[in-house]
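Subject: Handing over the structure

Hi there,

Here is the structure I promised to pass on to you. Please open it alongside this email, and then read on for what turned up in it.

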Amino acid sequence: MLQGKSLIDPMDFSVQELNEIFNLAHQIISNPREFSHVCDGKLLATLFFEPSTRTKFSFEAAMMRLGGKVLGFSEPNSSSVSKGESLADTVRTVSCYADIIAMRHPKEGAAKVAEMYAEVPVINAGDGGHQHPTQTLTDLLTIKTVKGSFNNMTIGICGDLKFGRTVHSLLKAMSRYENNKFILISPNELKIPDYIREEILQKNNIEFMEVEKLEDVMGSLDILYMTRVQKERFFNEEEYLRLRDSYILTEEKMKLAKNDMIVLHPLPRVNEISNEVDNDKRAYYFKQAKYGMYVRMALIAKLLGVV
Ligand code: CP
């Protein structure tokens, strides 16, 4: 039963509950009109303390396509946060006006705090370098739709694995499916945090290897998940400049990959995928962004208990 729940961490929902969301997303994709009024009279608040294009717009589009309405901010200085109001008081107040909250915040753990004080379901739309569970729903719906399964795959995850919250959430979520192997491709400075390696991968006996060169492993991958080196997470600009172009996926490198490998990316991209790759039939990252709207429609409808 998902009604009334919050989504803060990808493990908050069981595999069965995730399947309910993906099944509903597929029903919405097949017949969007059937769902175009299920949220009539409902309000979504989007509290974005950090910039966003996909997550914010897809949440807003999702609610509007379900018949609901949206309020919120993308510039926290336009709210009473700029006067020193605490996060707890902000979400308590917003709970008085909205039926559900989607929040992005630069601090790890902020979504959990919001959940503790809100009177309505809270959806974590990204908390610092920690977790981004609705990006993971997006990634999983894309994988399910394109590959037909969550099992028996070799998944390469490339780029900033240290600060990449989408990577942390995806590894957590995929660790529950069977017989997957992860190849973690990053410079030494941007390897996955120890808690992900120990608590998620080693503890669950998941096969993984850590490498530095993308070309060496391209031919073995079923999925390549590219990520951006995130300037906003670095304390030292020199270090960012040194690492930002560690990986650039080109058509030359795509020649090394299987014909049915798919390329995913949570976006935004900067330099890590050349524009020429966009025309490759294996490039799925813009379709993935669209699946993000459908899966958020399904998530909102389930948490509000309107379907
Ligand atoms: N994937 C993602 O979170 O993109 P935005 O930062 O544009 O929301």
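Some background before the rest. This is a predicted model, in which local features need pLDDT of at least 70 and side-chain atom pairs count only at pLDDT 80 or more, while totals for chains, interfaces and linings use all residues. Residues are numbered from 1 along each chain as its sequence is written, and side-chain values use heavy atoms, with hydrogens and water left out.

**Backbone details**

N152 sits in the loop between α5 and β5 (154–158) (helices are DSSP runs of H or I with at least four residues, strands are runs of E with at least two, and both are numbered from the N terminus). Its phi is near 60°, a positive value in a residue other than glycine. N205, in the loop between α7 and β7 (207–211), is not a glycine either and has a positive phi of about 55°. At 72% relative accessibility, N205 counts as exposed. Another spot to look at is the peptide bond from L267 to P268, which is cis, with omega near 5°. P268 belongs to the loop between β9 (262–264) and α10 (285–304). Why point these out? Most residues other than glycine have a negative phi, and most peptide bonds are trans.

**Helix pairs**

Helix α6 (residues 165–174) packs with helix α7 (residues 194–202) at an angle of about 15°, their axes 10 Å apart (axes are lines fitted to C-alpha atoms, for helices over the stretch in contact, and angles run from 0 to 180 degrees between N-to-C directions). That makes α6 roughly parallel to α7 (under 35 degrees is roughly parallel, over 145 roughly antiparallel, 65 to 115 roughly perpendicular, and the rest oblique). Here H168, L171 and K172 of α6 meet Y195, I196, I200 and L201 of α7 (contact means heavy atoms within 4.5 Å).

On α5 (residues 133–147), the axis comes within 8 Å of that of α6, and the two cross at roughly 60°. The two helices, α5 and α6, are therefore oblique to each other. From α5, the residues P133, Q135, T136, D139 and L140 meet T166, S169, L170, A173 and M174 of α6.

In α3 (residues 87–95), the buried residues are L87, A88, T90, V91, V94 and S95. They cover an arc of only 165° around the axis, which puts them on the same side of α3 (the arc is that of the directions from the helix axis to the C-beta atoms). What do they pack against? The buried residues of α3 pack against β1 (43–48), β3 (100–105) and α4 (110–117).

At 0% relative accessibility, F59 counts as buried. Leaving aside neighbours within four places in sequence, F59 is in contact with L44, T46, R54, A102, I123, A125, T134, R296 and I300. With neighbours within four places set aside again, R65 is in contact with F35, S36, M293 and M297. The C-alpha atoms of R65 and C39, 26 residues apart along the chain, are separated by 8.7 Å.

Enjoy exploring it!

Definitions and conventions
Buried means under 20% relative accessible area, exposed over 50%, partly exposed in between (1.4 Å probe, protein chains only).
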